[in-house]
Amino acid sequence: MLHELLLALVGCTGDIFIDVKEQAEALGLTSDSDERGGGEVDDDVEDECTFRLAPDISFLESSERELLDRLLRLGFYYRELDRFAMRCRNLSWIRTPYPDSVTNAATALVKREKSPSVYRRALANGIAEVLAVYRAAVLNVEQNLLSDPLPVLASVTEGLHRFEMLLPPLYALVREVEREEMKGGRLLNLLHAKCHCGIPELQACMQRLLWHGHQVMYRQLAAWMVYGLLQDQHMEFFICRRQDSEGQNGLTDAESLAEKSRFRSAEDDRLADWHTGYQVCLEMLPEYIPLAVAESILFVGKAVRVLRNPSTSFKIQQTGPQRPGSKESQRPDGVLVHFVKDSVSARNSNEMFELLPQDDAEKIASLIRDLKDAREFQKMAMERAVDIIRAIAAKHLWQLVVVHADLLGHLKALKDYFLLAKGDFFQCFLEESRGLMRLPPRPSSAEADLKVPFQQAAIKTIVDEDKYFSRVSLRMPNLSKSTALGSTQGDHVRQRGLTDSALTSVVSAYGDASTGPAYDGWDGLTLEYSVDWPLQLLFTREVLTKYSKVFQYLLRLKRIQLELEKSWAEAMHYDRADSARLRKDRDNGEFASQRRQLRMPMWRVRQHMTYLITNLQFYIQVDVIESQWTLLQERVEASKDFTELARFHQEYLSALISQSFLDIGSVSRILDSIIKLCLQLCRIIEQQEGTPSATELEQITEEFNKKSNSLYTILRSSKLAGSQRAPFLRQFLLRLNYNSFFEATARGALNMSRPTLAHR
């Protein structure tokens, strides 16, 4: 009987100790739950112990039966745990070209494993270790029974007593894993929670199971952080492809890249991988790993993918003979000098150029290996290792973008063209294209029309000095229907040679019909900058859109300033003509003198407009752009981290937009109204030979004073004074109101409005 008991303890029932469920199946009987389930037998872990003492055994006492039931539960737990381990450790689910070679038993195990999981397989490996210890204990009990002349049941109980604290919790754990179909981070969370218990033996067992789960996680971390590969066939890792990316259909990393290559270029793939390809899967992120650490791991993997898979064109650029001898590579840029020298010397010595050196890759692998070999998971150790690895990846990515890709040169080019730092070039361009831009743009040829003056301005001011000019091109996107209507009217103007009055009516009609604040039909004019790998990591579409937004704003100010200067020149031309007529014809001297007196208010309001626009331009170009550019240069040269570099650049753009008031709707609307008033005055001066009617001039003057006073009142408000704009904004207000003219005018306008409100 004791031998039958020992066999039952390792899951083998017989005549004395039976499995009631197997016996019922052999007799064709089913339980009520099976009948309700359609007669199908559940192959998962059993909910209740089915090992029983045979009913025909009647010579045992009740205490002995109770003791045997306790021991039979251990045999039942062993069998169920062993079945779980066999089911999860079976590898027949791997695709094979020979499906007929799979045995029937393995096929049954495959059917039971509904969703394969490498984490459940790791758990099964840990459980198999515990069961091996249990089998060794049963074998030791058997040897003791054979050596004892009077074997007793108590010796069996004494030899297996400690497993009564281990197998029931393991059985409950397996039941929960099977029922909830846990895998990945969810399974690690469960094991981590089970480690917090007051029984040392059980705690050590759960920690060992968690260690097995972490082995899988560390292997996935090594593949991701050392090679940039996502080894996650069953979607269990906390780094995953985005749901809208091509990897969402269960494809592996290599299969997904092969599928994408059919439709997109490699450059598009690299950009998509960096910006939108991967994300942190919160559902699979273990609760004891902070989100910041997971995001650092995500960054490292993406950085390694960039460093290990450079663009083909970038490789050619690095190995080309012109690169080391260029002025840019030998230019001393502060802290960048030693990086450039190291890169040049490495290429001159014909060494293989590696963006991620093998020593650093081995260091990353060594750090992960140390975490993997630790007996217990240490949160601080993992955070420290991830920080070190992240610093290595960020440093090499920074060196790639800043040193090898000449980031400062491209930033300077964006400043020169998008922020109008090359003032002579844009002054020449606007003068060359002034006649063309006085007419509404033609949707079919607007860009082509502007290319001629754009190239002429480049020939006159740039020639071959700027190697980045070839990357800049003009664009006229999203021309509206109203623009198309204006273009046909513009063609009619060109054909018939209409007067300036008719032309002004066309421009005014277009400006009123356009959506949003606009200067005229050319308000959508913008620049496009050709960005090569790896600068697309920094210069995204959103970033270039912000540059375009600032460019359009500055170009409007530049154009209206030019119009005010031209109108002043025309007014002075008319004035000198009147003076010449006065000297020739003394009889009409009184009429010429009256005309000059009529022009005095016009000169005064034009001077006020020029003063406001010029000070605003000076504030943006000097106080905002130049100061922020100097700060950005210092930060780039002092930084060694790509993440910091991206943050500095974003802060630079945000400062440009905020300190230029582009993010304040009320200020933008007032400035657009002022620009339209300036344009209206310039058109009136042209139409009426420098002598506008008193009524029109009075309306323009009153509206301009109202808008300029409102602008000054908003800019000097306490809300703006306490923001990050304050230091530069105070300088602008000081220049604008150096003689207290604006302050007195604004106070007078406010005092005049109060009696009206009180009367109401």
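## Aromatic pairs

In this predicted model, the count of aromatic pairs comes to 21. Phe 237 and Phe 238 form one of them, a tilted pair with 4.6 Å centre to centre and 45° between the planes. Because its relative accessibility is 1%, under the 20% limit, Phe 237 counts as buried. Phe 238 is likewise buried, with a relative accessible area of 1%.

Phe 425 and Phe 469 make an edge-to-face pair, at 5.8 Å centre to centre and 75° between the planes. This pair links distant parts of the chain, 44 residues apart: Phe 425 belongs to helix α20 (residues 423-432), whereas Phe 469 lies in the loop between α22 (446-461) and β5 (472-475). Both Phe 425 and Phe 469 are buried.

## Aromatic cluster

Phe 425 and Phe 469 also belong to a cluster linked by ring pairs.

## Nonpolar core

The largest nonpolar core holds 199 residues. Those touching the most other members are Leu 9, Leu 160, Met 217, Phe 238, Ile 297, Leu 397 and Phe 539. Helix α26 (residues 589-638) gives the most to this core, contributing 14 residues.

Neighbours within four places in sequence aside, Leu 397 is in contact with Trp 274, Phe 299, Ala 303, Val 306, Leu 307, Leu 537 and Phe 642.

## Charges over rings

Phe 299, one of the contacts of Leu 397, has the charged end of Arg 390 over its ring, 5.0 Å from the centre. Arg 208 lies over the face of Trp 211, at 4.2 Å from the ring centre.

Terms used. Residues are numbered from 1 along each chain as its sequence is written. This is a predicted model: local features need pLDDT of at least 70, side-chain atom pairs count only at pLDDT 80 or more; totals for chains, interfaces and linings use all residues. Side-chain values use heavy atoms; hydrogens and water are left out. A nonpolar core is a set of buried Ala, Val, Leu, Ile, Met, Phe, Trp, Tyr and Cys residues joined through side-chain atoms within 4.5 Å. Buried means under 20% relative accessible area, exposed over 50%, partly exposed in between (1.4 Å probe, protein chains only). Helices (H or I, at least four residues) and strands (E, at least two) are DSSP runs, numbered from the N terminus. Contact means heavy atoms within 4.5 Å. Rings of Phe, Tyr and Trp (its six-membered ring) pair if their centres lie within 6.5 Å; planes under 30 degrees apart count as stacked, over 60 as edge-to-face and the rest as tilted. A charge sits over a ring if NZ of Lys or CZ of Arg is within 6 Å of the ring centre and within 35 degrees of the ring normal.
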